[in-house]
Amino acid sequence: MPASMMQHSLDGVMGLTGVRAGAQRRWQKTGWPDHRAEQWRFTRLSGLQKVDLRFAESAAITAENQEFSAAMPDNAAFLSFSNGVFDQASLDNLPKGVKASLLDGDEATLLALSELVPQSHPISDLSLAAMTSGIHLEISGAVEIPIVLAFTGDDNSLSAHPVVSIKINDGASVVISEWHRSNVGLSAPLMAIEVGKKARLDYAKVQQDSAASTHLSATGLKLGDDSIFDGFQISVGGKLARLETHITLAGENADCTLSAIYLGRSSQHHDITTNMNHLKGHCLSNQVIRGVLDDKARGVFQGKVHVAPDAQKTDGQQMSRVLLLSRKAEADAKPELEIYADDVLCAHGATIGELDETQLFYLASRGIDGQTARGMLISAFLDDAIDSIKHDGLSAMLRPITTAWMTAVDLNSDGEL
Amino acid sequence: MAATQKTIDALEEATGKYKYGFVTNIESDKAPKGLSEDTIRFISAKKEEPQWMLDSRLKAFATWQKMEAPDWAKLNIPPIDYQDIHYYSAPKTGGGPESLDEVDPELLKTYAKLGIPLDEQKVLAGVIAVDAVFDSVSVATTFRGELSKVGVIFCPISEAIREYPDLVKKYLGSVVPVGDNYFSALNAAVFTDGSFVFIPKGVRCPMELSTYFRINEANTGQFERTLIIAEEASYVSYLEGCTAPQRDENQLHAAVVELVAFDDAEIKYSTVQNWYPGDENGVGGIYNFVTKRGACRGDRSKIAWTQVETGSAITWKYPSCILQGKDSVGEFYSVALTNNCQQADTGTKMIHIGEGSRSTIISKGISAGRSQNCYRGLVRVQPGAENARNFTQCDSLLVGDKCGAHTVPYIVSRNPSGKVEHEATTSRISEDQLFYCQQRGISTEDAVSLIVNGFCKEVMKELPMEFAVEAQKLIGISLEGSVG
């Protein structure tokens, strides 16, 4: 039943009930945000309306997981999505402590998910309604083996709407990596993660979609008392990518890190949007954002820290820095603080600039050539963010991505960037 | 450490109990309520304006009718009935007075209560010239003789429209176009008075220029229009201060201020805004929707905005700089204090167009009571702005746990050689700071006062002496301060 999903009618999706029908109604009413939508002022989606995409009906390709495996910690367990459709065979790989089920028809889980994901968000509604596949994971105890959610795809006329819900039970701990390397027209993953009391999640999202893809993701997280979320995102691929994450610190004493790197070249557009919602007291949130932009790339960071009246003793920190390597690159930042409690320490910082001439001179005066010097400075710049990752396996996994990106940059350009 | 009663009292002293709440009984000459082309014709006729001005007003009115009130600010604005407002109100004093003797003594008394010793100004030997605006008509302009000797024009804008039509035609609306926003369009249609300043080439204005705005009649919208032009290598410092009497009805204030600075010129614009903020329950108070913008057209020109905002029920105000000239400089220093049910959404825009343009933004927000205080700003570096430099610092201090402090900066950089830095913090007075002071033998009370004074100091030191005293009083958290 192919149909243009960009139409508000969502013709391809019929006979929905319950939560998904509600999402479909909302999508049909609002559709893609237009130029007046404040949250989308730096990332315009008007181009999408003209594109005609279909939903995938089945996992048509054989996922090439070898590539992933190479970059992963040895024993990772893969859960694979191809063209947005879940490969049920991958359920055989589940490590101990992980229970998986399908979301389709599981109204209770879908309802919980719909409340966790970003509200009034086009991807929340669209991907819930147009869900190509959905799985629910429940984590208990300390799961030793890292889980990799691998998203591949090979059909550029398709739009993929995988939905994943993860519940980490009280006291459990797990390492999850969400890895996108697909070549679909639109990749719109919807994630909902609940981290229980005293639970811990180490998380890394890698967006390496193909150069022609549009990646729009919506992720919602809820953290319980004394929980730890150590999250990281890296956006390298895609033509246009927006990684939007909303985190609700719903329990006391939660510790949350959500750092990110975006690396843009040619005419790529990267958008990292975060919404840190402190509802309870004594929580810590920390965000380190680094962006490097070359050619005509554009980078956007929007980060909001909201502190509710009850969230006393909140410590919310956010730092965004962008390096512009080219004259045509553009960086936009909108860090935002919204604070309703008085006994808090919140700060944000944002800088945009080019490589420091005095630092380059310092290195040159010590006999280091321009190319090496530039590489060193960019690499050190990105390390600030990668160093915030506490899980060694994840940081080891991410470093090669930034290195690979840098070797492709023309670092030779002297002075005249 | 919670905010102590003393701090709160000090804040109330500064903002809560409005000591300027009195009404002057002067018969006034009002336009009937409501806004229509007839109202505009009435205002224009009252002002004895030439036809081109009336045409421009009517055009602005047509533009305004097509626009919608903005709703993006973090403000809860009750619907405003634009037909329930008087758009013109002038004290009945006959023709324009030649000297202070002709000014209604009632008015002079009002100003005396406000602490503006208008008739003492002359005695004070040329420190300040006051172009006092009482409601909508400029009542007195002092020191004009002295200013005209050096070629400085300082007069009500209505007079400038008659006397210097070429200058007004050339610059009015050139920085803030009619259709710039809802309130600027409204202002362009119905503005009643304001100040006009022209500083000729190479002249350093011999005194600080000052004007006190005051809303007196109930239900009278106050729509000032100010235009300041600084020619090459000139300098002017302009002071604006506001107080308003206590009233229950909400009053609307939509001013437009335009500044133009040419090569090597400098304009310093300072404001102490203390319009009536409403009572503890948020009843009454001024709605203050202001568009202030300066154009640094010339190379090495400089525009500095300094504001201390303590009044108004609602403040919507973003004094901005368009840095067109090479090496032009824009500065914005702001202290915004909100208490009770006040809402403030204020900040600045720095648009870097010229090579080597620099801007500094220092914003200090203090929220108390149930108020909401928001900094909103834009720093934009255009592709041609080689080596542009911006530094922004926004600090918020919360007093009490019912208030809110928000920071919404927008940063857009399209030139790699531009350097943009933004920092924002929100906090209470930290125990570390107090402890540090106590260790060194400073009493808690002194420490708090020291810290709070220090919190605003970067801004206060930018104010001219004449204002610094009043501003410190308004901020109110002075030496008697608070104990943690």
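Predicted model: local features only at pLDDT ≥ 70, side-chain atom pairs only at ≥ 80, totals over all residues.
Two strands are said to pair if DSSP finds at least two bridges between them.

I begin in chain A, with strand E13, which covers residues 214-223. Strand E11, residues 190-195 of chain A, pairs with E13(A) in the parallel sense, and six bridges join them. Within that pairing, A:Ile193 has A:Leu221 of E13(A) as its bridge partner. Strand E10, residues 186-187 of chain A, also pairs with E13(A) in the parallel sense, over two bridges. Here A:Leu186 stands opposite A:Thr214. A further parallel pairing links E13(A) to strand E15, residues 240-249 of chain A, and this one runs over ten bridges. One of its bridges joins A:Lys222 to A:Thr248 in E15(A).

How many of the ten residues of strand E13 of chain A are buried? Ten of the ten are, so the strand is largely enclosed by the rest of the structure. Both of its faces are covered. On one side the buried residues are A:Thr214, A:Leu216, A:Ala218, A:Gly220 and A:Lys222.

Let us now move to chain B and to helix H3, residues 51-65. Which residues of H3(B) are buried? They are B:Ser56, B:Arg57, B:Ala60, B:Phe61 and B:Trp64. Viewed down the helix axis, these buried residues of H3(B) fall within an arc of 140°, so they line one face of the helix. They pack against helix H2 (37-46) and helix H9 (182-190) of chain B. The face of H3(B) turned away from the buried side carries the exposed residues B:Gln51, B:Trp52, B:Asp55 and B:Gln65.

Next, the place where the two chains meet. In total, 28 residues of chain B are in contact with 33 residues of chain A. On the side of chain B that touches chain A, strand E22 (389-399), strand E23 (404-413) and strand E24 (419-427) each supply at least two residues. The largest share of that side, ten residues, comes from E23(B). By residue type, the side of chain B that touches chain A divides into twelve nonpolar, ten polar and six charged residues. There is also strand pairing between the chains: strand E21, residues 330-339 of chain A, and E23(B) pair in the antiparallel sense over six bridges. As one example, the bridge partner of A:Asp332 in E23(B) is B:Val412.

I close with two points of backbone geometry. Most residues other than glycine have a negative phi. In chain A, however, A:Lys313 has a positive phi of about 65°, although it is not a glycine. A:Lys313 is placed in the loop between strand E19 (298-307) and strand E20 (315-324) of chain A. With 16 other C-beta atoms within 10 Å, A:Lys313 is partly exposed. In chain B, B:Ala233 is not a glycine either, yet has a positive phi of about 55°. B:Ala233 lies in the loop between strand E8 (225-230) and strand E9 (235-243) of chain B. Because B:Ala233 has 19 C-beta neighbours inside 10 Å, it counts as partly exposed; a residue is buried if 20 or more lie within that distance. Thank you for your attention.

How values were computed. Residues numbered from 1 in each chain as written. Chains lettered and ligands numbered in written order. Helix = DSSP H or I, 4+ residues; strand = E, 2+ residues; numbered from the N terminus. Buried ≥ 20, exposed ≤ 12 C-beta atoms within 10 Å, placed from the backbone. Expected span 1.5 Å × (residues − 1). Arc of directions from axis to C-beta. Contact = placed C-beta atoms within 7 Å. Nonpolar A, V, L, I, M, F, W, Y, C, P; charged D, E, K, R; others polar.
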